[in-house]
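Please look over the sequence and the structure below before reading on. The paragraphs that follow go through charged pairs, a sheet and the nonpolar cores.

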Amino acid sequence: MATFLYKLGRLAFRRRRYVALIWVALLALAGFGAASASTATSSSFSIPGTEAQRAFDLLEQRFPGASADGATARVVFKAPGDEKMTDPANKAEVNKVIGELKSGSDQIASVTDPYTAGAVSKNGSTAYVSVSYKVNSMELTDATRESLEDVGHAAQKSGLTVEIGGDALMVIPETGATEIIGVAVAAVVLVITFGSLVAAGLPLLTALIGVGIGVSTITALANVLDLGSTTSTLAMMIGLAVGIDYALFIVSRYRAELAEGREREEAAGRAVGTAGSAVVFAGLTVVIALVGLAVVNIPMLSKMGFAAAGTVVIAVLIALTLVPAMMGFAGKRVMGRKARKAAAEAPSGAEGKPNMGTRWARFVLRRPVGVLLVGVIGLGAIAVPAASLEMGLPDEGSQPTSTTQRRAYDLLSEGFGPGFNGPLMVVVDTAKSSDGKAAAKQVSDEISGIKGVVAVTPAQFNKAGDTAMITVIPKDRPSSVDTENVVHSIRDAGQDIKSDTGAEVLVTGSTAMNIDFSQKMNDALLPYLALVVGLAFLLLMLVFRSVLVPLKAALGFLLSVVAALGAVVAVFQWGWLGSLFGVEQTGPIMSMMPIFMVGVVFGLAMDYEVFLVTRMREAYVHGEKPGQAIVTGFRHGARVVTAAAVIMMAVFAGFIGSSEQMVKMIGFSLAIAVFFDAFVVRMAIVPAVLALLGRRAWWLPGWLDRILPNVDVEGEGLREQLGETPAAGRGPGGDAEGERELARV
C-alpha cells in the first residue's frame with residue numbers, strides 16, 4: 001500500500017492543476033445539485049419492531065386521516081390574579097384564539113375547545129387548547145409556526161399569560177455560529193503548530209472543500225433518500241473534524257521529509273506513502289464505526305451513519321490527492337520562516353534539542369508503572385457515576401426557562417400535574433374480540449387501577465368499530481422512571497386482557513415511543529460494540545501485525561468511553577458543574593448518547609492510535625529498539641496528535657453553547673471523550689503499556705503472520721524499493737537515551 005500511495009502522492013503533486021480542477025469541479029457539481037434540489041422536509045422517524053410503532057401503524061390503517069404521527073401543540077392560558085379562565089371575558093378570548101388557530105393554517109387537523117374537552121384546571125386558573133396537525137413537526141411550514149406564535153402573542157395583550165408547548169415549535173437548532181467558532185479555534189491551533197499561515201491554511205481549505213462536497217451531496221439527495229436535516233449536521237461535524245486531522249497528518253509528515261533535505265515532489269510522495277497509509281486505516285475505522293450504526297435497525301440512524309461515513313471517505317480521498325496537490329502550489333512557504341532558517345543552518349540529519357513529545361516519552365519510559373496506574377485509576381474514578389446511568393429522551397422540561405415551551409410545560413404541571421405534558425395513547429384492537437365495547441371498558445377499568453395513573457378518557461372507536469383509542473394521563477413527568485413503570489404496567493395488564501377477551505392492547509404516543517426507543521438502544525449497544533470493536537481489532541491487527549497492540553487500543557478506548565459517560569452522568573443527570581455548562585434541568589441521559597458516542601469516538605480515537613503507533617511501528621520495523629521506537633513516535637507524532645485532538649475538541653465543544661439540551665449533551669460528551677482518549681489513553685497509557693511490553697508488543701504468531709496480507713503501512717517495502725537500508729538498531733540522535741531509560745525499567 002505504501003508504494004501505491006507514494007506513487008499517487010507524487011502524481012498528485014506533479015499534476016496538481018488537474019487534481020485541483022477535478023475537486024473544484026466536484027464541489028461545483030455538488031453545490032449545483034444542492035441548490036437545484038427541492039427543500040428537504042423530514043426523515044420519516046420509525047422504530048421497527050417496537051410496540052409503539054405497531055400501534056402507530058395500526059392507527060394509520062384503522063383511523064385514516066387522523067394523522068397519528070402528526071405534530072401537536074398546546075396553547076396554555078393562565079388567568080391573572082384571582083380571575084378564572086371560566087370568566088366570560090377570558091372565555092371569549094380563548095374562543096377567539098380557537099377561531100384564529102383554525103383559520104391560521106391549512107395544515108391544522110383539529111383544535112379542541114378546553115371548555116368541552118375538560119381542559120380547565122380544578123381551581124379554574126389554567127386552561128389549554130390542543131392543536132393537532134396533518135403532518136409531523138419537521139414538515140410544518142414556517143408560515144404555520146409563525147401563525148401559531150402570532151396567535152399566542154396577540155392573546156397576551158388581553159392580560160392572560162399565554163405560552164405554547166408541543167413539538168410543533170420544535171426546529172433543528174442553528175449550529176452555524178458554533179461551527180465558525182470550531183474552525184476559528186482550529187485555525188489558531190494550526191498556526192501555533194506549524195508556525196506558518198500557508199501550512200495552517202492547507203488543512204482548513206481542504207477540509208472545507210471535503211465538507212462542502214459531502215454536505216451538498218446529502219442536501220441534493222435528501223428527498224430521494226429521505227434524509228433529514230440532522231443527517232447533514234452530523235456529516236458536517238464529523239467531516240470537519242476528520243478532514244482537518246487527516247490533512248494535518250499529511251502536511252506534518254511532508255514538512256518532516258522536507259526538513260530531512262528531500263526534494264518537494266519526493267517529500268510529498270513519502271508523506272502520502274507513510275502518513276497516508278495511516279490516514280487510510282484511520283478512515284476505515286471511522287467508516288466501520290459509522291456504518292455499524294445500522295445494527296440498531298432504526299432507519300433514520302442508519303442513514304445518518306452512512307451519510308457521515310461517505311463524508312469521511314471524501315476526507316480520506318482529499319487527504320491523499322488534493323493535499324499533496326495543494327502542497328505543490330504552496331512551495332517552500334509550507335515550512336514557515338523559522339523552520340526554513342533552522343533547516344538551512346542545521347546540517348542534514350542533525351537533531352535539534354528534544355521537543356516536548358520526546359521529553360514526555362522519556363519520562364514515561366522511566367516511570368511506566370506509575371503513569372499507567374495514574375491514568376487507569378484516574379479514568380476509573382471519573383467513570384464511577386456511569387453505574388448510575390439512567391437513559392431516556394429529554395422532554396420539554398429540560399428546555400431553558402427562557403423558552404415558551406418550558407414555560408408552557410411548567411404552567412401545565414402547576415395547573416394539571418406533570419403527567420399532562422406527556423399523555424399516553426392506548427390503542428385497543430378489538431377485531432378478534434366478540435364484544436369490542438366490553439373489552440375497551442375492561443381496558444379502561446384496568447388502567448384506572450394502575451398506580452401512577454391520574455386520568456383515563458372514555459374509549460373512542462373508529463367508524464368500523466374494530467379499534468378504540470384511550471388517552472391515559474400519568475401522574476409524573478414524561479421522562480420519569482414512574483411514567484416508564486406505568487407504560488410497562490399497562491402492557492402487562494394488556495397481556496391478561498388479550499387472553500380473556502381476544503382484544504390486543506398497545507401503548508403508544510411520544511412518551512411510549514421514547515421509552516421503546518431507549519430500550520432498543522440499550523439492546524443494541526452490546527452487539528454494536530462487539531461488531532465495531534471486533535472489526536476494528538482485525539483491521540488494527542492487519543496494520544500493526546500484532547495481537548497485543550490492537551487489544552490495548554480497544555481496551556483503552558472502552559476505558560475512555562466509560563469515563564466520558566461518567567462525566568456526562570455527573571453533569572447532566574446529577575447536576576455537578578451544571579451551571580458552568582448551562583444545564584438548567586437535570587434528567588435522564590439521552591438514550592442514543594452511549595451508542596452514538598461509541599460510534600463517533602471509537603472511530604476518532606483510532607485516528608490517534610493509528611497515527612501515533614504507526615510511527616512507532618515504522619521506527620521499530622526500520623531497526624530501532626522498542627524504547628527508541630516509542631521516543632521516535634512521540635518526537636514526530638505527539639505535537640500533531642495534540643493539535644488534532646485540540647481541534648476535534650474545539651469543533652465538538654462549540655455545540656455546548658446550544659440552547660437545545662440534546663445538542664449540548666452531544667457536544668459535551670464528544671469533547672470530553674476525545675480529551676480522555678487523546679491525552680490520557682493515547683498519550684500516557686499507550687506508551688506506558690508499550691514500554692512494559694517491550695518487544696512482546698509486536699509479537700504475532702507465525703501461522704497468523706502467514707495468513708495476514710502484508711499491507712506495508714510502515715513503508716518497509718517502499719524503502720527497499722527506493723534502495724534504503726534500515727538502521728539496524730540505531731535510532732536517530734538522542735534516541736539511545738530512550739533505550740537506556742527502557743533498560744532501567
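**Salt bridges, sheet and cores**

Asp677 and Arg682 form a salt bridge, with their closest N and O atoms 2.7 Å apart. A salt bridge here is a side-chain nitrogen of Lys or Arg within 4 Å of a carboxyl oxygen of Asp or Glu. Asp677 has a relative accessibility of 1% and counts as buried; Arg682 is also buried, at 0%. Buried means under 20% relative accessible area, exposed means over 50%, and partly exposed lies in between (1.4 Å probe, protein chains only).

This is a predicted model, in which local features need pLDDT of at least 70 and side-chain atom pairs count only at pLDDT 80 or more, while totals for chains, interfaces and linings use all residues. Residues are numbered from 1 along each chain as its sequence is written, and side-chain values use heavy atoms, leaving out hydrogens and water.

Side chains of opposite charge can pair when their charged atoms come close. By the rule above, the count of salt bridges is 20. In one of them, the side chains of Glu265 and Arg14 meet at 2.5 Å, N to O. Glu265 lies in helix α10 (residues 264–291) and Arg14 in helix α1 (residues 2–14), so the pair ties together parts that are 251 residues apart in sequence. Helices (H or I, at least four residues) and strands (E, at least two) are DSSP runs, numbered from the N terminus. Arg14 is partly exposed, with a relative accessible area of 42%. Arg14 and Glu265 also belong to a network of salt bridges with Arg10, Glu266 and Arg270.

Next comes the sheet. Four strands form an open sheet in the order β2-β3-β1-β4, with antiparallel pairing. Two strands pair if DSSP finds at least two bridges between them. Which strands stand at the edges? They are β2 (108–111) and β4 (161–165); each has a single partner strand, so one side of each is left without a neighbour in the sheet. Strand β1 (residues 72–78) pairs with β4 over five bridges, and Lys78 stands opposite Thr161 in β4.

Last are the nonpolar cores, sets of buried Ala, Val, Leu, Ile, Met, Phe, Trp, Tyr and Cys residues joined through side-chain atoms within 4.5 Å. The largest has 172 residues, of which Tyr246 and Phe652 touch the most other members. Helix α22 (residues 661–693) gives the most to this core, with 19 residues. A second, separate core has 25 residues, including Ala79, Ile98, Ala127 and Tyr133.
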